[in-house]
Amino acid sequence: MRNFWKNDDSALLALAVRDPAKGFHRLMAKYGEPVYWHVRRLLVSHDDAQDAAQETFVRVFKSLSRFSGECSLRAWIFKIASNEALRILGRHHENQVSLDDSLSEVDGMAADEYVDYRDFETVKLQQAILTLPHKQQMAFNLRYYNELGYDEIAEVIGTTPDAVKSSYHIAKNKIIKYMDLK
Amino acid sequence: MRKKEKYDFGRVGRRLPYTVPDGFFETMEENVMQELDLKPEAASCRRGKIVRFSIMSLAAAAIVIVSMFFVGTGHHQTRPEGFASVAQAFNGLSEEDQEYLFSIYQDDIFINNF
């Protein structure tokens, strides 16, 4: 009997090859929300996150035949999503005069209509994360929110697992300092 | 002097202050499928599959109950285990129906943790 309880990306990929519409629907059902929230945490703006997430899946579909399995499907998708988010962030930074780029997303939180300011502590935590360099943000977010292993995060960011572990702990300590001080 | 306690991440957990418009994720999928020129699953098709799935689930449950009935009345046939009888029912389904059941459980949020 087929084990239909198993969550298998290999089966998902095979389905996407056999029946692109059905396979891609399954892929989006599995990864749509996690990808969206990953880029949203980096970009803050819902509109930017929507653009990044949608573009991610367009690129994933168009590159699916070139996916060689050198990393997990999840890491590959998150890598594409992270690059999309960084591309949008780069576009914003080109347009702004401020010398302190990492704080522009903190300001962006104040400007976005899809933020619940009543949850003060979560707002403050996101502000703390947004003060970090982007790679530290990604290392922290992927570990803390998505519970990815250091190996997988390293594949997403393009570094070594040891570097990710170091980034994560540095990020965590900075966040703790920020939350304790303010 | 009492040492100040470090911030406890458990106070927030994985909560985020960010929200999305109603129906956003369905719209996002439709937008992507449209851009890729892929046909999304129609709502009526999904409803039909839900009805079919319900009927198949009832059929599988009925097979289990009937099997248990034969054991209870002293019928001396070898009784398959409950799960095995479901497996027999499953193998009797068409490939398309098997595929659909596979997809339902693959998407189930209680079974599959991301």
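The questions below ask how labels for this predicted model follow from its computed values.

Q: What makes R59(A) and E84(A) a salt bridge?
A: A salt bridge needs a side-chain nitrogen of Lys or Arg within 4 Å of a carboxyl oxygen of Asp or Glu. The closest N and O atoms of R59(A) and E84(A) are 2.6 Å apart. So the pair meets the cut-off and counts as a salt bridge.

Q: Why is this pair said to tie together separate parts of chain A?
A: R59(A) lies in helix α3 (residues 46–63) of chain A, and E84(A) lies in helix α4 (residues 73–95) of chain A. The parts that they tie together are 25 residues apart in sequence.

Q: Why does R59(A) get the label partly exposed?
A: Partly exposed covers the range between the buried limit, under 20%, and the exposed limit, over 50%. R59(A) has a relative accessible area of 37%. That value falls in between, so R59(A) is partly exposed.

Q: How do you know that D119(A) and R15(B) form a salt bridge?
A: Their side chains meet at 2.9 Å, N to O. The limit is 4 Å, so the pair qualifies.

Q: What makes this a link between chains?
A: D119(A) sits in the loop between α5 (104–111) and α6 (120–130) of chain A. R15(B) sits in the segment before α1 of chain B. The pair therefore joins two chains.

Q: Why do D119(A) and R15(B) carry their accessibility labels?
A: D119(A) has a relative accessible area of 18%. The buried class takes values under 20%, so D119(A) is buried. R15(B) comes to 39% relative accessibility and counts as partly exposed.

Q: What makes E121(A) and R11(B) another case of a salt bridge?
A: The side chains of E121(A) and R11(B) meet at 3.0 Å, N to O. That is within 4 Å, so the contact counts as a salt bridge.

Q: Why does the pair of E121(A) and R11(B) join two chains?
A: E121(A) lies in helix α6 of chain A, while R11(B) lies in the segment before α1 of chain B. E121(A) itself is partly exposed, at 22% relative accessible area.

Q: What makes E55(A), R59(A), E84(A) and R87(A) one network?
A: Salt bridges that share partners join these residues. Over all chains, the whole structure has 9 salt bridges.

Q: Why is α8(A) called roughly perpendicular to α9(A)?
A: The axes of helix α8 (residues 150–157) of chain A and helix α9 (residues 161–181) of chain A cross at roughly 95 degrees. Angles of 65 to 115 degrees count as roughly perpendicular. So the label holds for α8(A) and α9(A).

Q: How do you know that α8(A) and α9(A) meet?
A: Their axes come within 8 Å. Y150(A), D151(A), I153(A) and A154(A) in α8(A) meet P161(A), V164(A), K165(A), Y168(A) and H169(A) in α9(A).

Q: How do you know which element of chain B has the highest mean pLDDT and which the lowest?
A: Helix α1 (residues 24–35) of chain B has the highest, 93. Helix α3 (residues 82–91) of chain B has the lowest, 65. Chain B averages 72, with 52% of the residues scoring at least 70. The model scores ipTM 0.85 and pTM 0.71.

Technical notes: Residues numbered from 1 in each chain as written. Chains lettered and ligands numbered in written order. Predicted model: local features only at pLDDT ≥ 70, side-chain atom pairs only at ≥ 80, totals over all residues. Heavy atoms only, no water. pLDDT = per-residue confidence, 0-100. Helix = DSSP H or I, 4+ residues; strand = E, 2+ residues; numbered from the N terminus. Buried < 20%, exposed > 50% of the residue type's maximum accessible area, 1.4 Å probe, protein only. Axes fitted to C-alpha atoms, helices over the stretch in contact; angles between N-to-C directions. Parallel < 35°, antiparallel > 145°, perpendicular 65-115°, else oblique. Contact = heavy atoms within 4.5 Å.
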